[in-house]
Amino acid sequence: MATDAPPPQGSTDNSPAQPTTEVFVETQKSAEFAELRRAHRSFAFPLTVGFIAWYLLYVLLSSYAGDFMGTTVFANFNVAFVFGLAQFATTFLIAWFYSRHAATKIDPKAEAIKSRLEADA
Amino acid sequence: MSAAAHSSSLVLAASSTTEHRPLIISLFAVFVAATLAITVWAGRQTKSASDFYAGGRQFTAFQNGLAVSGDYMSAASFLGIAGAIALFGYDGFLYSIGFLVAWLVALLLVAEPLRNSGRYTMGDVLAYRMRQRPVRTAAGVSTIVVSIFYLLAQMAGAGVLVALLLGITGDTGKILIVALVGVLMILYVTIGGMKGTTWVQMVKAVLLIAGALLMTFMVLWKFDFNVSDLLGTAAEKSGHGKAFLEPGLKYGATGVSKLDFISLGIALVLGTAGLPHILIRFYTVPTAKAARKSVNWAIGIIGAFYLMTIALGFGAAALIGPDEIKAKNPAGNAAAPQLAEYLGGVGTTGGAVLLAVISAVAFATILAVVAGLTLASSSSFAHDIYANVIRRGKATEKEEMRAARWATVAIGIVSIALGAMARDLNVAGLVALAFAVAASANLPTILYSLFWKRFTTQGALWSIYGGLASSVVLVLFSPVVSGKASSMFPDVDFAWFPLENPGLISIPLGFLLGWIGSVVSKEEPDTDKYAELEVKSLTGTGAH
């Protein structure tokens, strides 16, 4: 592999046997891998667009809609404050949501391909 | 975010701080002694390059999550955000949100594939399917530039902190402190490597969270746990009334300042996942799954911390008031320590102890962050530039580690020199610049490398150098450097770029250049290598 310096003597950074390039190319073309890629991309990409848009909405409202953000919701809490806390809440929620998706939909597929490739290599 | 203020503003009423000096210094000495002991212990176990660069990849997800938080929550977050909220109310809170949301980019797109396909540095992933030498050089240059800007900010912040907390205002004193911080960070990194640095960051994260938790509890106690009452009192005392709780006090003045805020907001949210000292932390855990879990821990810890800054900032505004905070430091950087003294009881032993504890925590914060930054830049020098470019991959592990240690010493000396010169500069611009450069030069290349089949060497180079150059040049000709009273050079004016943060221009430019550079490139993208990278990054096959 050209990426790294050749493994020097005495290294404890043992990496498992590396499959050949042909194996990687074949795997990449396989339906099983396409499914894994889709499980990641179809979840992570739209979610990324979503939370960035949600965050930008917050930034833009803070800049250009001061009156709206200053509207009282209750007691001394205004829309801006609730909106800010909502950004915290959505961040925690998305992190949890993605991790659950990854554990159930991504990890098993990835694990299956990995163990097959490493067993064959 | 500003951990420092301008020199002219450092006229201090130091009477109360000088009394507590012995206590603060002894607590600080305890922290230094403890962390040095950890470092020596970690150093004894650091034998291979994997130990030095990646802590042997043996840390648990929780340990790394703590260390990531310790690496991320700089003095700027602690003192700067609390101070900004205390003086500007709601606008200070906006920083916290950008800094936190940014972690989702790291979680969803970067942490796991990076852990799966890289070995020690960001350059490992960027250069994976490209021509090694030019791309590794670019990755190394960009890593070192981002880290040095960030380091400078922390070093300059250290000088200001000392002035604030110990009442040392003379130049010699500040230079000495910058030198001390520099020497300590060289020791942490050369002796302890990634293992030692990770433990220092964990200790610091626990101290910082404990300190913030204690103060938050005490503030809320004063208001009978009625947050609305806290906000109301803060607004009343601020002299701004309701406007204190609304956006706009700091950034809402003009059309330009509004654009500046948007630029800052974009740089914050896209910068985190391109910061090299954060990225290399993902190599310290055994698997991508553990990298994911450590980001989740970090999101929880950092989120909780930023929520507490709300109580600290508004608490300082309500209990101390803007006049007293500004009297101590016009940028508000002393608000958190002032609040600590107030909560413990001004003039009492309790107040002195709490002030000393919080001040020592602030020092610990700076030390842990500079150690992480130094490690990131020396790793990249040794692994990307020395081993793979200069020695063309023929260096032995021993030689590579020796190069990393010497690079640490060199970077340490350079930072001490620059930090001593920059001791009076406004560091807000430097930290924001580090985020903007990371988002413009590193993030586009990381994302294209991982997810875009047609990305080429030329695209990577255009994106890294274009993002790097445009962000640095725009800052050079911005009000951060010249033309305003708060600039680095207030007496001259060569600023033609109106925004203090270049992100609004340089980040889209970095993405655009990566795309154009690839499509006009004569060379065909290496599709075999991409197959290798894509399969590895998603499955972890053959991961180190």
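**Figure 1. Overall build of chain B.** Chain B contains 21 helices and zero strands. Along the principal axes, the C-alpha trace of chain B spans about 70 × 55 × 45 Å. A compact globule of 544 residues would have a radius of gyration near 24 Å, and the 22 Å of chain B agrees with this. Of the 544 residues in chain B, 69% count as buried. Contacts in chain B between residues at least 6 apart in sequence join residues at least 24 apart in 82% of cases.

**Figure 2. Overall build of chain A.** Chain A has four helices and two strands. Read from the N terminus, the order of these elements is α-α-α-β-β-α. Chain A has 121 residues, of which 29% count as buried. For contacts in chain A between residues at least 6 apart in sequence, 62% join residues at least 24 apart.

**Figure 3. Where chain B meets chain A.** On the chain B side, 58 residues are in contact with 58 residues of chain A. Which helix gives the largest share of the side of chain B that touches chain A? It is helix H21 of chain B, residues 527-539, with seven residues. Sorted by class, the side of chain B that touches chain A holds 28 nonpolar, 18 polar and twelve charged residues. For the model, the scores are ipTM 0.91 and pTM 0.92.

**Figure 4. The largest nonpolar core.** In soluble globular proteins, nonpolar side chains tend to be buried together. The largest nonpolar core of this model has 238 residues. Phe149(B), Ala316(B), Leu339(B), Leu367(B) and Ala434(B) are the residues with the most contacts inside this core. Helix H16 of chain B, residues 349-390, gives the most to the core, with 25 residues. Setting aside neighbours within four places in sequence, Leu367(B) is in contact with Val181(B), Leu184(B), Met185(B) and Val200(B).

Figure 5. Helix H8 of chain B covers residues 132-166, which makes 35 residues. From the first C-alpha to the last, helix H8 of chain B reaches 49 Å, close to the 51 Å expected at 1.5 Å a residue. Is H8(B) mostly covered or mostly exposed? H8(B) is mostly covered, with 31 of its 35 residues buried. Just after H8(B) comes Gly167(B), with a positive phi of about 75°.

**Figure 6. Two loop residues of chain B with positive phi.** Asp224(B) has a phi near 50°, a positive value in a residue other than glycine. Asp224(B) sits in the loop between helix H9 (171-222) and helix H10 (227-238) of chain B. Arg392(B) is found in the loop between H16 and helix H17 (397-421) of chain B. Arg392(B) counts as exposed because 11 C-beta neighbours lie inside 10 Å.

**Figure 7. Arg37(A) and Lys109(A).** Arg37(A) belongs to helix H2 of chain A. With 17 other C-beta atoms within 10 Å, Arg37(A) is partly exposed. What distance separates the C-alpha atoms of Arg37(A) and Lys109(A)? The separation is 9.6 Å, for two residues that are 72 residues apart along the chain.

**Figure 8. Confidence along the two chains.** In chain B the mean pLDDT is 89, and 95% of residues reach 70 or more. Residues 1-15 of chain B have a pLDDT below 50, and beyond near neighbours in sequence this stretch has 53 contacts in the model. In chain A the mean pLDDT is 88, and 87% of residues reach 70 or more. Residues 1-12 of chain A have a pLDDT below 50, and beyond near neighbours in sequence this stretch has 22 contacts in the model. Where pLDDT is low, the predicted coordinates should not be read in detail.

Technical notes. Residues numbered from 1 in each chain as written. Chains lettered and ligands numbered in written order. Predicted model: local features only at pLDDT ≥ 70, side-chain atom pairs only at ≥ 80, totals over all residues. Contact = placed C-beta atoms within 7 Å. Nonpolar A, V, L, I, M, F, W, Y, C, P; charged D, E, K, R; others polar. Expected span 1.5 Å × (residues − 1). Buried ≥ 20, exposed ≤ 12 C-beta atoms within 10 Å, placed from the backbone. Core = buried A, V, L, I, M, F, W, Y, C linked by C-beta atoms within 7 Å. Rg over C-alpha atoms; globule rule 2.2 N^0.38 Å. pLDDT = per-residue confidence, 0-100.
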